[in-house]
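Hi,

Here is the structure I promised to pass along. Have a look, and then read on for what turned up.

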Amino acid sequence: TAIHLPFPIPLEDILEFSDQHRFHLVGRSTDAINIAGKRGSLDELNQLLLSTPGILDGVIFPTPGDDTGRLSALVVAPNLAKEEALSKLRNYVDPIFIPKIFVFVDALPRSITGKLPMKDVLELYNSII
């Protein structure tokens, strides 16, 4: 709470308090995922995806319309076969977080600032699946 505000305002941030005056910003609540009792971060998974050799661009996201927590990925990796890309990703990612739907695309719908609007990602995904 802040004394200058008339009422508490919930934040989307996840904070970890170390003591009464200090905290660490863990992430955003929309970034947290829970699959089969394991917790993960979409941001971290995407960083691991992008650091995978041979993958030039990509995004991991919750599969639309799937309440089980399954993940999907759109990936730009013109010189890798699907199994090769998945095999390389498995070196970095817990198997529970490997996307069940893994689709190669020519490019992701990045904005001119390099951001990846989720509505555009979902539109591309829905046009393929």
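How many helices and strands are there in the chain? There are three helices and seven strands, where helices (H or I, at least four residues) and strands (E, at least two) are DSSP runs numbered from the N terminus. Along the sequence, they come as β-β-β-β-α-β-β-α-β-α.

Some housekeeping: this is a predicted model, where local features need pLDDT of at least 70 and side-chain atom pairs count only at pLDDT 80 or more, while totals for chains, interfaces and linings use all residues. Residues are numbered from 1 along each chain as its sequence is written, and side-chain values use heavy atoms, with hydrogens and water left out.

Now the sheet. Strands E5, E6 and E7 form an open sheet in the order E5-E6-E7, with mixed pairing (two strands pair if DSSP finds at least two bridges between them). Its edge strands are E5 (57–62) and E7 (101–104), each pairing on one side only. E5 pairs with E6 (residues 71–76) in the antiparallel sense over six bridges, and Asp57 stands opposite Val76 in E6.

What about burial? Of the 129 residues in the chain, 30% are buried (under 20% relative accessible area; exposed is over 50% and partly exposed in between, with a 1.4 Å probe and protein chains only). Leu5, in the segment before strand E1 (13–19), is partly exposed, with a relative accessible area of 34%.

Cheers
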